[in-house]
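Let's take a walk through a protein chain together. Keep the picture open while you read, and look up each piece as it comes along.

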Amino acid sequence: MATLSSSPSPSILSSSTANPKTPYLKPPLLFFPKPLTTALTTALATTTLLLTSPPSSIASDAYNVYYGTAASAANYGGYGGNSDKKASAEYVYDVPDGWKERLVSKVEKGTNGTDSEFYNPKKRQEKEYLTFLAGFRQLAPKDVILNNLALSDVELQDLIAGADSLVSEEKKDENGQLYYVYEIDGIGKHSLIAVTCAKNKLYAHFVNAPAPEWKRDEDTLRHIHESFKTVGSS
């Protein structure tokens, strides 16, 4: 809030004698000097701008944490505030505020291992999802893993077949756990994939977006891609 301070305003007191027998006293004239008037107008305008300007930063709660159990088909789960879900979680990733959860069917869980999926309601093709497969103690070579994932994912098959570029690399987290990271730039579509092994399971986290949404939301999509990790004891 702006604070204004000024010296007392000067006053002019004038008198005249119209008639020696009948003295006449003019009323006092008070005025603000022009510099004070200008300063007051400027201060009020500045105060109005400060009160009406919108926040300049993104809210800190722009993402929700999803706790995935990779368990039976009946356990779909949710995010935020579920202590039981959090305690039994095998993996976590961030979900942008406003995205919707798509409930995964038992058929999907049984065929391609899809465990969870969220999407942008404004563009359903902009989404993230996780699949898991049991019986993996460690990661096979990067190209073998990607090809095996594509066997049960038609969208991934098409993306790889028409890819303009495909980059893969290995990363380790603070605990030394190995992750394979893939980035695929296809025809009208972009995909980020992270794969790791823990608890004798292979987890694969996918972030997909059409080209226009990728250009618009790249920072958000990279954030949710990098937020994926397994949790709990191996």
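What follows is a short tour of a predicted model, from the whole chain to its sheets, a loop and a pocket.

## The whole chain

Let's start with the big picture. This is a predicted model, so keep that in mind as you look around. The protein chain holds six helices and 14 strands. Of its 234 residues, 35% are buried.

If you take contacts between residues at least 6 apart in sequence, 53% of them join residues at least 24 apart.

## The three-stranded sheet

Find β5, β6 and β14 in the picture. These three strands make an open sheet, in the order β5-β6-β14, with antiparallel pairing. β5 (63–68) and β14 are the edge strands; each has a single partner strand, so one side of each has no neighbour in the sheet.

Now zoom in on the pairing of β5 with β6 (residues 91–96). Six bridges link these two strands, in the antiparallel sense. One spot to look at is valine 65, whose bridge partner in β6 is aspartate 94.

## The seven-stranded sheet

Another open sheet has seven strands, and you can trace them in the order β7-β8-β9-β13-β12-β11-β10. Here too the pairing is antiparallel. Which strands stand at the edges? They are β7 (100–101) and β10, and each has a single partner strand, so one side of each is left without a neighbour in the sheet.

Begin at the β7 end. β7 pairs with β8 (residues 114–120) through two bridges, running antiparallel, and lysine 100 sits opposite tyrosine 119 in β8. β8 itself is mostly covered, with seven of its seven residues buried. On to β9 (residues 123–134): six bridges join this strand to β8, again antiparallel. The two form a hairpin with two residues between them, and asparagine 120 has lysine 123 as its bridge partner in β9.

## Two hairpins at the other end

Eight bridges hold β10 and β11 together in an antiparallel pair, with serine 165 partnered by aspartate 185 in β11. Their hairpin has five residues between the strands, and glycine 176 there takes a positive phi near 85°.

β11 also pairs with β12, antiparallel and over eight bridges. Tyrosine 179 has threonine 196 as its bridge partner in β12. This hairpin has two residues between the strands, and glycine 188 takes a positive phi near 75°.

One handy thing to remember as you look at strands: in a regular strand, side chains alternate between the two faces of the sheet.

## A loop residue worth a look

Glutamine 177 lies in the loop between β10 and β11. Is glutamine 177 buried or exposed? Its relative accessibility is 15%, and buried means under 20%, so glutamine 177 counts as buried.

What is glutamine 177 in contact with? Leaving aside neighbours within four places in sequence, the list is Lys171, Lys172, Thr196, Cys197, Ala198 and Thr230. Take Ala198 from that list: alanine 198 is 21 residues from glutamine 177 along the chain, and their C-alpha atoms are separated by 8.6 Å.

## The largest pocket

Last stop: the largest pocket, with a volume of about 450 Å³. Its lining is made of 23 residues, and Lys171, Tyr179, Val181, Glu226 and Phe228 lie nearest the centre. The elements giving two or more residues to this lining are β10 (165–172), β11 (178–186), β12 (189–198), α6 (211–227) and β14 (229–230).

What classes of residue line the largest pocket? There are eight nonpolar, six polar and nine charged residues.

Note on methods. Residues are numbered from 1 along each chain as its sequence is written. This is a predicted model: local features need pLDDT of at least 70, side-chain atom pairs count only at pLDDT 80 or more; totals for chains, interfaces and linings use all residues. Side-chain values use heavy atoms; hydrogens and water are left out. On a 1 Å grid over the protein atoms alone, a cavity is a set of points where a 1.4 Å probe fits but cannot get out, and a pocket is an open set with protein on both sides within 12 Å along at least five of seven lines; lining residues have an atom within 4 Å of a point. Grid points are joined across faces, edges and corners, and a volume is the space filled by probe spheres set on the points. Helices (H or I, at least four residues) and strands (E, at least two) are DSSP runs, numbered from the N terminus. Ala, Val, Leu, Ile, Met, Phe, Trp, Tyr, Cys and Pro count as nonpolar, Asp, Glu, Lys and Arg as charged, and the others, Gly among them, as polar. Buried means under 20% relative accessible area, exposed over 50%, partly exposed in between (1.4 Å probe, protein chains only). Contact means heavy atoms within 4.5 Å. Two strands pair if DSSP finds at least two bridges between them.
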